[in-house]
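Open the model in your viewer and keep the selection tool at hand. This tour goes stop by stop, with what to select and what is there.

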Amino acid sequence: MSTPLIATRGLTKDFFSRRGVVNALKGVDVELHEGEVLAVVGESGSGKSTLANLVLGIQAPTTGEILLRGKPLPAVRRAADRRALQLVPQNPLSALNPRRTIFESVGLPLAVHQLRPRAERRERVRELLEMVGLPADILDRQPQVLSGGQRQRVAIARALAAEPQAIILDEPTSALDVSVQARVLRLLVDIRQRFSLSYLFVTHDLAVARILANRVIVLYKGEIVESGPTSQVLLAPRHRYSQMLSSSLPVISQEEVALKPEWNWTKKVTAESGSSAGCPFTPRCPYALDVCGRERPPLVTSPTGRTAHCFNPGDDETEAWRAAAVQSSQTKTLQSTDTGRS
Amino acid sequence: MTAGGNLLEVDNLNLGFRLFEGRSAVLRDVSLSLAPGERVALVGESGCGKSIFLRALLGLLDPRKAVMSGKISFDGRRLDNMKEGERAKLRGRDISIIFQDPTTALNPVFTIRDQFRDILRRPGTSMSVADADRTASDMLKSVYIDDSERVLNSYPFQLSGGLNQRVMITMALSNKPKLVLADEPGTALDVTVQEQALRLMREATEAHGAAMLLVTHNLGVVREFAERVYVMYAGCVVEEATAEELFDDPKHPYTRALFAAVPRLVGGALPEPIDGMVPDFVAPPQGCRFHPRCAFASERCLVPPPLVEISASRSVACVLHAPARQEV
């Protein structure tokens with residue numbers, strides 16, 4: 001396989017506070033290939049925004065490294081590396097400087113990365129705004145007079161200004177109304193095709209992930225619990241947590257209800273928190289086996305290229321899967337090389 | 001629609017505000033009814049007047065700015081011209097509200113226990129502190145909070161969003177209200193927590209026999225929760241139907257557009273945006289307020305379309321679905 005555009009190796013991030021350490025990411029390996037859209041889904045607190053921040057270099061990882069086209073990125077990045085990865089934030093109102101006009105905000109990357117001489121910048125910004133479907137007459141206005149959808153498009157134009165190789169989208173539509181969300185999603189699809197970009201797409205909405213992403217990774221408490229092609233992870237998840245995520249999606253037709261995985265909402269589960277040596281999802285999992293609380297489930301790869309850390313995913317393939325999981329867990333214990341992850 | 005048995009009856013409610021820019025006209029001829037124990041949803045984009053409507057029901061609007069006409073009756077009493085003191089007695093006892101974001105709606109400087117005591121021992125009641133604590137604890141247990149003592153002793157910021165949401169729900173139900181209003185409950189939360197919150201609200205309203213009016217922009221939430229739905233656009237009810245009918249066959253072009261905008265789990269089509277924006281209420285469009293964004297608009301839409309009953313449980317305010325004149 002070709003060198004991935006972005007790869008992370010054993011990425012961890014700890015936050016220290018007076019109340020102790022928070023392990024926001026615990027050894028995450030992610031690969032984003034050229035032209036791919038990889039969705040990172042999970043609840044709040046799963047570490048998905050932390051992952052985005054580390055990839056962008058906004059925060060430094062505690063351990064592990066981030067590779068851009070196979071080259072490790074240093075803690076302090078060169079301008080060219082910064083330019084290669086751009087961000088579209090969740091809330092563009094707080095990400096756009098209220099004192100700057102739209103021209104100044106979108107034109108800033110042009111100046112910082114010396115992409116256009118001063119005289120041509122205005123014309124270029126006009127082009128960029130046109131690409132995202134905004135009228136040129138907003139050039140000299142300020143972000144607060146724009147609607148939420150327009151601001152998000154300004155943020156996309158700003159990311160495009162740097163002519164990046166990949167865009168990191170941090171919940172780009174979760175603050176928008178459905179009607180506006182639809183427009184921004186279409187724009188993102190369109191832009192990706194036109195500029196053959198790659199997206200690392202952080203979201204909590206699996207339905208939105210389905211629109212954009214080829215591949216999904218599911219994060220839970222800083223660990224990847226499952227990854228695979230979008231439709232499979234969404235509609236036939238192998239990890240119990242992905243099943244819960246998918247089945248809690250509110251949908252609008254009976255057809256879609258039938259597609260969602262089953263979930264036992266009534267079975268009582270133990271307390272919300274509480275860490276254990278086993279699968280981090282055990283306390284919330286109504287299907288947890290004894291082994292789930294004791295041992296970390298190993299990574300099991302299915303013939304269809306899907307991988308998940310789960311002892312008891314529960315469907316037709318379950319028996320085979322469980323056997324594989326238990327076996328590979330035993331092998332691991334025997335070799336006592338349980339230093340991390342395969 | 002003059003059913004005497006309705007718990008809430010809103011009749012041709014018009015609401016505007018005196019603003020610096022002029023007089024705005026937010027709600028136009030909104031009529032809505034709720035039977036005891038019924039779960040009804042009010043759905044529409046943000047800026048459609050849904051939250052303002054809830055505030056109007058509760059009497060939380062600034063009387064110096066709001067201009068209101070129409071009738072609101074609750075449990076046989078007129079709410080709209082009730083004295084504020086009277087209304088205050090109803091709020092929290094007979095009508096309560098669950099807010100969108102529980103972490104900001106709960107008071108950060110009091111423990112959950114203190115806040116429960118405030119509600120349960122409100123003036124005019126005679127519950128002892130011990131009884132209040134016991135009730136609070138029991139109610140928390142009923143929403144699957146096992147360690148209710150820990151939760152009661154916590155401040156809201158020490159609890160997760162999901163726990164806070166459950167606390168909010170139980171608080172709203174703790175005085176056994178007849179009507180619970182819910183303003184986008186759970187939108188600020190994760191889908192998993194939202195799903196659980198909806199389930200709890202359904203269970204709790206059923207257990208207490210409370211009626212519920214849920215305001216949301218999320219059609220999926222509506223489908224899971226409501227028995228009957230009102231679709232609101234720019235302060236007008238454009239469609240009213242049972243949830244089943246609405247999801248089976250949305251009629252109004254706005255409702256259809258809303259459905260088309262939702263990302264689906266099936267099919268290869270991208271969600272369809274709705275062109276344009278929710279209008280400014282100072283100068284709303286003439287006639288049907290949706291017509292500037294509507295693909296089917298014609299001159300006929302320049303006259304406000306009445307909400308026409310097309311079946312016993314269903315009304316649509318659109319010329320496309322108005323009965324032809326000769327049939328009338």
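This is a predicted model: local features need pLDDT of at least 70, side-chain atom pairs count only at pLDDT 80 or more; totals for chains, interfaces and linings use all residues.

Select A:Gly148, A:Gly149, A:Gln152, A:Arg153, A:Ile156 and A:Leu160 in α6(A).

Now show both helices whole. Helix α6(A) covers residues 148–161, and α7(A) covers residues 178–195. Their axes are 9 Å apart and meet at an angle of about 15 degrees. Angles under 35 degrees count as roughly parallel, so α6(A) is roughly parallel to α7(A). The crossing of α6(A) with α7(A) is right-handed.

Next, select chain B. Chain B holds eleven helices and twelve strands. Its C-alpha atoms fill a box of roughly 70 × 50 × 40 Å along the principal axes. Of the 328 residues of chain B, 46% count as buried. Among contacts in chain B with a separation of 6 or more, 64% link residues 24 or more positions apart.

Last stop: the interface. Here 35 residues of chain B are in contact with 33 residues of chain A. On the chain B side, select α8 (191–208), α9 (219–225) and α11 (253–261), the elements that each give two or more residues. The largest share, six residues, comes from α8(B). Color this side of chain B by class: 17 residues are nonpolar, eight polar and ten charged.

Notes
Residues are numbered from 1 along each chain as its sequence is written. Chains are lettered from A and ligands numbered from 1 in the order in which they are written. Two residues are in contact if their C-beta atoms, placed from the backbone, lie within 7 Å. Helices (H or I, at least four residues) and strands (E, at least two) are DSSP runs, numbered from the N terminus. Ala, Val, Leu, Ile, Met, Phe, Trp, Tyr, Cys and Pro count as nonpolar, Asp, Glu, Lys and Arg as charged, and the others, Gly among them, as polar. A residue is buried if 20 or more other C-beta atoms lie within 10 Å of its own, exposed if 12 or fewer, and partly exposed in between; C-beta atoms are placed from the backbone. Axes are lines fitted to C-alpha atoms, for helices over the stretch in contact, and angles run from 0 to 180 degrees between N-to-C directions. Angles under 35 degrees count as roughly parallel, over 145 as roughly antiparallel, 65 to 115 as roughly perpendicular and the rest as oblique. A crossing is left-handed if the near helix is turned anticlockwise from the far one by less than a right angle, and right-handed if clockwise.
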